[in-house]
Amino acid sequence: MKKQIVNAINRLLRPIGVEIIRHGANVAAAPIGTNFQMSSLLQRLAQRGTPIRNVIDIGSSDGKWSLECMQHLPDASYLAIEPLEERLAALENNKRRFANFDYAICVAGDVDGQEVTLNVTADLDGSTVDGQNPGSKRTCGVRTIDSLIADRQFAGPLLLKFDTHGYEMPILAGASQALANTTAIIMETYNFSLTSTSLRFPEMCAHMERLGFRPADIADPMLRMHDNAFWQIDILFLRADSETFNYQHYR
C-alpha cells in the first residue's frame, strides 16, 4: 500500500521534476534525473534525444514498464513480450487502453517454433527459462525478436528492454536484424550466474561492446537478500557511435 501511495504522489510531482525515492527507512524528495530510479533513466534517455520509434519490452510482466516508458516516449509504439499466460488479462487491458500498445505471449529466443521449459515461481516475477529458483515447470513456444517485429512491420530506430533473468544470449542471437536498427538497449544484468549459460554484468558489457553498444547509464542497483552483496543492475546501452561517447571529459 505504501508503495502505491508513493507511486501516486510521484505521478503528481513528475510535472515539476521531483520524485519521492526510498533511502533505507527514509523517504526523501530528489530531483528526477539525478537519481538511479528507472523513471530517471528514462527521462535522461528522452532528454538525450536518442531517436526511438518502436519499443520492444522483453519480459514485460503485466506491461507496467512499458506504461512507465510511455510517459517519457509517448510517440513510440510498444510491443510487450511475456511468456506467462497469467499476465494475459493485464496485457489485453493495456492494449484496449492504449492504441500504441501490443503484446505477444511467448518466450523471446533464437529459434522460431522451438519450445523451451519455463521455471515458474510462485510470485511469477522470478520465473525464467531453465532457472535455478524453485517453481513449477511448463513449456512455452519461442519467437525471435526479428520475426516478431517483421510481423508487425516495426521499423527502427528501436529500443530493446530486457528483463529476462539470464536468458539474454538466445534472445540477442534471434535479434541480429533488430540490433542493426536499434539505438538503445536497457538490460537487467546480474553479478551472479542465474543459469549455466548466462553472463555476469562485466561479461555482458564486453559482449554488448562486441555488438556495437556501450554502457551510458544505470538504474535500480539491487543487493541480494542473502548477504547484501551486489545482485543486479539495469544498464542503458547506446550505440558505440552515439554522440554521448564523443565527449571525453567529466564537466
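The structure is a predicted model, in which local features need pLDDT of at least 70 and side-chain atom pairs count only at pLDDT 80 or more, while totals for chains, interfaces and linings use all residues. Residues are numbered from 1 along each chain as its sequence is written, and side-chain values use heavy atoms, with hydrogens and water left out.

**Confidence**

- The chain has an average pLDDT of 88, and 85% of its residues score at least 70, where pLDDT is the predictor's confidence in each residue, from 0 to 100.
- Over residues 23-30 the pLDDT stays under 50, and the model has 15 contacts for them beyond four places in sequence, a contact being heavy atoms within 4.5 Å.
- Where pLDDT is low, the predicted coordinates should not be read in detail.

**The four-stranded sheet**

- Helices (H or I, at least four residues) and strands (E, at least two) are DSSP runs, numbered from the N terminus, and two strands pair if DSSP finds at least two bridges between them.
- Four strands form an open sheet with mixed pairing, in the order S6-S9-S7-S8.
- Strand S6 (107-108) and S8 stand at the edges with a single partner strand each, so one side of each is left without a neighbour in the sheet.
- Strand S7 (residues 115-120) runs antiparallel to strand S9 (residues 136-143) and is joined to it by six bridges, with Val116 having Cys140 as its bridge partner in S9.
- S7 also pairs in the antiparallel sense with strand S8 (residues 128-129), over two bridges, and here the bridge partner of Leu118 is Val129.
- S6 and S9, in turn, pair in the parallel sense over two bridges, and Val107 stands opposite Val142 in S9.

**Helix H8**

- In helix H8 (residues 201-210), the buried residues are Met204, Cys205, His207 and Met208, where buried means under 20% relative accessible area, exposed over 50%, and partly exposed in between (1.4 Å probe, protein chains only).
- These residues cover an arc of only 165° around the axis, which puts them on the same side of H8; the arc is that of the directions from the helix axis to the C-beta atoms.
- The buried residues of H8 pack against helix H6 (168-173) and against strands S11 (182-190), S12 (213-223) and S13 (230-239).
- Glu203, which is also found in H8, is partly exposed, with a relative accessible area of 34%.
- The side chain of Glu203 reaches the backbone nitrogen of Arg200 at 2.8 Å.
- Glu203 and Thr189 are 14 residues apart along the chain, and their C-alpha atoms are separated by 9.7 Å.
- Following H8 comes Gly212, whose phi is positive, near 100°.

**A residue of helix H4**

- Asn93 has its place in helix H4 (residues 88-97) and counts as partly exposed, at 31% relative accessibility.
- Asn93 lies 31 residues from Asp62 in sequence, and the two are 9.5 Å apart in space, C-alpha to C-alpha.

**Nonpolar cores**

- A nonpolar core is a set of buried Ala, Val, Leu, Ile, Met, Phe, Trp, Tyr and Cys residues joined through side-chain atoms within 4.5 Å.
- The largest nonpolar core has 39 residues, and those with the most contacts inside it are Ile56, Ile81, Ile145 and Ile185.
- Apart from this core lies another, of 23 residues, among them Ile52, Trp65, Cys69 and Ala76.
- Not counting residues up to four places away in sequence, Ile81 touches several residues, including Ile56, Ala104, Cys106, Ile145 and Leu148.

Definitions and conventions
A polar contact is a pair of N or O atoms within 3.5 Å; within protein, one must be able to donate a hydrogen and the other to accept it, and residues adjacent in sequence count only if both atoms are side-chain atoms.
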